[in-house]
Amino acid sequence: MASGTVLVTGSAGSVGSALVPRLAARGWDVRAIDVVGSESTVGQQLVGDCFDDSVLDAVLPGCKAIAHLAAIAGEAPLSDIAPSHITGFGRLLEAARRHGVRQVAFASSNHAVGFIPSDGRIAGVEVAARPDGFYGVGKAAGEALCSLYADRYGFRTVSIRIGSFRDSPNTVRHLATWLSPDDLGAVFDAALLAPGQGHSIVYGISRNKRGWWDLEPGRAIGYEPADDAEDYIDVIDPQSGTPDELDYLGGSFAWTDHG
Ligand SMILES: NC(=O)c1ccc[n+]([C@@H]2O[C@H](COP(=O)([O-])OP(=O)(O)OC[C@H]3O[C@@H](n4cnc5c(N)ncnc54)[C@H](O)[C@@H]3O)[C@@H](O)[C@H]2O)c1
């Protein structure tokens, strides 16, 4: 059964390229937008700035939901993070409100809480933001915007704190943080179909035996991860990565001086 039309922002990036075909396979009519072109032929492929009002007024009519990925996807000066993660995302949410699109799945990050020590305890979603850099500050602010639009305007928003998205894990840290391509599709599909109003935070992590994050909030919206990084244990070099990148949930972000 068709799920409706979803706008996927940042669709030409590494996450978007994997997500677009998986959402299409799950019954979504995908409208994909990125500032750079994509070779993908899945759905409707558009080139444009998803933080531009005139672009949004053209692409949002008819959409039921938004999967928001577009952003600077790593550490950057705060003066670059703010327009991409905060004012840009705010403009997108405001345009969504204008066009009656109230279902939003937001690609947040483990770096919103990356300064939590990885001391063996499982981190839940009730912990206060504990960003490990300006990128994490941007993600925490994005989650706050999702919360605001849910409370004030009746949106259904889900912030998905993605761990390490990649085809397969290849470092010791990934044994805890990996999100597989199929689980990516599953968690976004669940977020885009989550019923009711309000804001939820879930961890976008596979069911990794060594995972550091609580998967129950994801299960509460219907995300049941299927893959486990442990299945790759034989091909992962035990010396891969650096020992201190296992000290904090955010890995090396936590001890890099962002100046
Ligand atoms: N890759 C991961 O492991 C991971 C982990 C946590 C969170 N995330 C988040 O997931 C999202 C996607 O990450 P990615 O790894 O695919 O990054 P990426 O850099 O590969 O892709 C981001 C895409 O967004 C596009 N973009 C940026 N600004 C835009 C705009 N104004 N309008 C339209 N397109 C725009 C870029 O052109 C790029 O193609 C990001 O928000 C990132 O922070 C990714």
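Predicted model: local features only at pLDDT ≥ 70, side-chain atom pairs only at ≥ 80, totals over all residues.
1. Two or more residues of the shell around the ligand come from each of α1 (14-25), β5 (103-109), α4 (134-153) and β7 (164-165). The largest share is that of β5, which contributes three residues.

2. The ligand is surrounded by 24 residues, and the closest are Val 15, Asp 34, Leu 69, Tyr 135 and Phe 165. By class, the shell consists of 13 nonpolar, eight polar and three charged residues.

3. Ser 14 places a polar side-chain atom 3.0 Å from an oxygen atom of the ligand. At Gly 13, a polar backbone atom is 3.3 Å from a ligand oxygen atom. A nitrogen atom of the ligand lies 3.0 Å from a backbone N or O atom of Cys 50. On its own the ligand has 820 Å² of accessible area, and the protein covers 81% of that.

4. The largest cavity holds about 40 Å³ of space.

5. The lining of the largest cavity is made up of His 68, Leu 69, Ala 70, Ala 71, Ser 84, His 85, Phe 106, Ala 107 and Lys 139. Of the lining residues, five are nonpolar, three polar and one charged. At least two lining residues come from α3 (78-98), and at least two from β5.

Terms used: Residues numbered from 1 in each chain as written. Heavy atoms only, no water. Near = heavy atom within 4 Å. Polar contact = N/O pair within 3.5 Å; in protein donor to acceptor, adjacent residues only side chain to side chain. Areas by Shrake-Rupley, 256 points an atom, 1.4 Å probe, with all protein chains shown as cover. Helix = DSSP H or I, 4+ residues; strand = E, 2+ residues; numbered from the N terminus. Nonpolar A, V, L, I, M, F, W, Y, C, P; charged D, E, K, R; others polar. 1 Å grid on protein atoms, 1.4 Å probe; cavity = no way out; pocket = protein on both sides within 12 Å on 5 of 7 lines; lining within 4 Å. Points joined across faces, edges and corners; volume = space filled by probe spheres on them.
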